[in-house]
Structures are given as structure tokens and as C-alpha cells.
Amino acid sequence: MPNHLRQRHPYPGLLIIVEGIDGSGKSTQLQLVQRWLMNLNYKVFFTEWNSSALVNDTIRRGKKKNLLTPTTFSILHATDFADRLMHLIIPPLKAGMIVLADRYVYTAFSRDVVRGVNADWVRELYSFAVRPDIAFYFKVPIDVSLKRILTGRAKLKFHEAGMDLGLHTDPVESFKLFQGKILLEYDKIASEFGMNVIDAIQPIHDQQRIVREVVTNKLSDYVPLPYIANPSEVHHEKA
Amino acid sequence: MKKHDLFFGHGLPYIDANDLLGKLIVIEGTDGVGRTTQIENIKSWLEILGYGVITTGWTRSRLMKMAIDRAKAGHSLNMHTYILLYVADFADRLENEIIPALKSGFIVLADRYIYTAFARSVVRGARREWIQQVYGFALNPDAVLYMKIDIEDLIPRVINSETLMERYWANQSGLGMDYWESGMDLKLGDDFYDSFVEYQRRLLQEFELMAREMNFYVVDASKSFEEINRELKNIILKVLENG
């Protein structure tokens, strides 16, 4: 069993992921990709980071009681991801669909390292993951992301500001320090894994044009045929 | 002690573990080999000698108990989810129980440790290097005592009238946990017996490999309780005397 994260997956589908700090505009960009692809009649499946039920309760309970150490926090998210990978990502990829993921393992690589775990360790932890066919990183300065978040709502969320790390008592200052560290990690990750870096200060429409160009290139050799595990058996059943 | 010796792999960068006063002593061995009875005996022996002792088992810390039980009840786990639940469980126990006890100067007797997880994971198809790296945050024990047994000697200990009845009624009531511990999820044989034998055979093979590579103290567990007990105590005394 090789390190899946470093080589092309064997499935007929396409995995497209977006990464970036909160307020980078990555979700907006991914939604526009989804609209566009569906309009072209492609079968599209959308999935988000951290949304399965298996360990959500445990994570929530742990957060409340402050039982979670950086290592357990990291492993629990990996467990959650393993569950989602098997149920929500690999099946549509086998069926030849285009899977759009809002955040992927790189979110864990940046966030968990900032929280204090070893960078090589967390990469090995997630080495069972499927490598994306296209990965976008929406790069944005802290001030811009902060302004975007605070136009949408009045306050920063506790974890988004990294308040549990005790970097600063003021949420805005804490956000700047925490997300600043995340940005540094993202920069390393983007070059390590050859992500498409998008300048996320540009107008939405301009960013989307670049994104669609990259996706269009990939679509040229994409054949949405479902993967059949054992053709001989299927044939036998028919006869 | 040098830093790279302290942890099995990458370690816990945010924890200062250089002031561990106690000793971490691991007893490994497959299911039914008699580990737990030996550990109880050794604990009271050490306490009589004046050592503070805590014991710790493999699975089910406060944090993870519910997640593991729920997942097992549903049988919907894939290999990586199954393995990672146990990793999280161990990390929790290591940081909240084992390290604090060692800092306070206790002897920690571990009834199974990461090596059990290595064997179970590899038998379920995980890469050896992957699982060892994932557990890289674990403390290296001061000693690993491996209670070694052959499959022929193991079977009569585990499969007898008492355990068969217990298993039957536990499964009837839906409380049977050994569905997983006997490797039934792997579907290695037609019935529980065949599956158990094949599962244990593969586990023992992995333990054999690790015993050689990782310098376990090997104790012949086919001997009598008293003989095994004496041998385990001699090794532990040696470990304690060497500082």
C-alpha cells in the first residue's frame, strides 16, 4: 500500500479541492465551479471538510470539556475524514463523477501544525487519502480576509480566531496571529503539493476565469465512465 | 536520555517529557495468554516493595469510549476509521494518564501497548510503515515483556466450555464485543473457530517479527503461572535496578 497522497488515484472520476483561510473566498469560487459544471451536464458531487457524524459528537464533547490535546484533535479529524473518504468521496469517484471538496487534508496539515503537532507526522497520518486531480489555494492577506468575514457578521468565532491557543485575549488580534501562522503553513504546502495558487484579492469573476481555465484543461482527458471492479463476474451474471 | 530515544517516532513537540521519573513497563501478548492476571499479581508485588504503580489497558478511555462502541455496534467501519479510533484513544490515554503518572514517579504497567495496534492494523491490511509513523508520538517503553505462545497452546486456553457459553449468550444479548477482538470483521473463515485461529496465527506472526526487530524480552507463556510470574519479575527487577 503506497502513499496515496503522492500519486494519481485509479478512479475514473475527478477530485477538485479548494483550500484557503477563512474569508479567502474559496467557497464562493467552488460554488461557481459547481454551477458551471452542472450547467454543462456533468455529474457533480459536493462535500465539505468535517461534516460526518461518526466522531462529531466526540469532538464536540471533547471541546466542551477541554479534553482534546493537539494530537487527539488531529487524530479525531483524521478518523472523521477516513469515514467520509470511504462513504462520500471514493464511491462518487468510482462512479466517474466530479467531486468538489471545500477544504481537504491540507486544512489539517496547516491547522494541526500550528496547534503543535509534527508536520511530517500529520502528513503520514493522512497518507491514505486520495490525491486531488486539481487543488486550488486561494491566497489572501489577513487584513482582507478579516474585513470579508466581519462584513458578513458581527463577531469572529472562537475557534476561527484560534482563541483556544491563548495567543491573544482580543479576538481580532488572536485571529491575525493564528491565521498568520496558518498562512505560512499554506505557503509551504502549496509548493510541496503543487497546488494552483490563486491571487484571492482579485475580483471574483477574474479568479473564476482562471479557475475554469485550469479545470477545462483537465476535462479534456476526463471520461466519466463508472469503474466496474470485476468485469468477468458481471459478464457471467448476464449470461 | 537522548531525545530521539524518548519517543517511538516524531513525538509530541509541545510536551516536555524530559522529566519522566517513573518507568513504563509494557506486557504484550495475544488474547487469552494470561497478561491481565500476571499484571494484577505484579502490581501488588511492586506495591509491597514500595513502588507506586498504575496499570493501564489498551482501548476505551473516557474520551473515546462512546465513539468506539457506537462504531462497533454499527459494523460500518472501514479499515482506516477502525485503526484511527484506537490511535485517538491511545493518544488521549498517553497524554492524560500515562505521562502525568510517569512525571509523578509512578511505575506504569501497560496491559498491551502500541505493538498490539501494529499487529492488528497490519493484519487488517495497513502499511507497516504507516501505522508505525502514526503512533510515532508514543513514548518508548523502558521494557517490553512479550508473553509468547504458539497457536496450538493458545487454542485450549481461549476456547473452552466456559468461554463458549459466555460468547454465545453475550452475542445473543447483543453485548458481545469479541466480534472485533476475534477478528470476525476480517471474514477469515466460515465460522468463529476458523476465523479466530487464522486471525491469531497472523497476529502471532506479526508479534514474532516485532519481538526480533524491537528487542522485546520474550517470556515463554506456555509454562505454568508461577514460572512465567518469576521470569517476568526478574526482568522487571533488572529494569528497575538499571535506573
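Colleague: In E4(B), which residue is the bridge partner of B:Ile27?
Modeller: The bridge partner of B:Ile27 in E4(B) is B:Leu145. The model is predicted, so local features need pLDDT of at least 70 and side-chain atom pairs pLDDT 80 or more, while totals for chains, interfaces and linings use all residues. Residues are numbered from 1 along each chain as its sequence is written, with chains lettered from A and ligands numbered from 1 in the order in which they are written.

Colleague: How many bridges join E1 to E4 of chain B, then?
Modeller: Strand E1 (residues 23-28) and strand E4 (residues 143-148) of chain B run parallel and are joined by four bridges. Strands (E, at least two residues) and helices (H or I, at least four) are DSSP runs numbered from the N terminus, and two strands pair if DSSP finds at least two bridges between them.

Colleague: In what order do the five strands of the chain B sheet stand?
Modeller: The order in this open sheet is E2-E3-E1-E4-E5, with parallel pairing. Strands E2 (53-56) and E5 (217-220) of chain B are at the edges; each has a single partner strand, so one side of each lacks a neighbour in the sheet. On average, neighbouring strands of the sheet are turned by 20° against each other, direction ignored.

Colleague: Which helix lies across E1, E2 and E3 of chain B?
Modeller: That is helix H4 (residues 79-103) of chain B, which runs at about 160° to E2(B). Helix H11 (residues 225-241) of chain B also packs on the sheet, where it touches E1, E4 and E5 of chain B and makes about 170° with the direction of E4(B). Such angles run from 0 to 180 degrees between N-to-C directions.

Colleague: Changing topic: how many residues does each chain give to the contact?
Modeller: Chain A and chain B give 26 residues each, contact meaning C-beta atoms, placed from the backbone, within 7 Å. On the side of chain A, helix H2 (56-65), helix H3 (70-94) and helix H5 (119-125) give two or more residues. H3(A) gives the most, with ten residues.

Colleague: And phi: is the value for B:Arg112 positive or negative?
Modeller: Phi of B:Arg112 is positive, near 80°, although the residue is not glycine. B:Arg112 lies in the loop between strand E3 (107-111) and helix H5 (114-123) of chain B. A:Asn41, also not a glycine, has a positive phi of about 70°, and lies in the loop between helix H1 (26-39) and strand E2 (44-48) of chain A.

Colleague: Is A:Asn41 buried or exposed?
Modeller: A:Asn41 is exposed, because 7 other C-beta atoms lie within 10 Å, whereas B:Arg112 is buried, with 22. Buried requires 20 or more within 10 Å, exposed 12 or fewer, and partly exposed lies in between.

Definitions and conventions
Contact = placed C-beta atoms within 7 Å.
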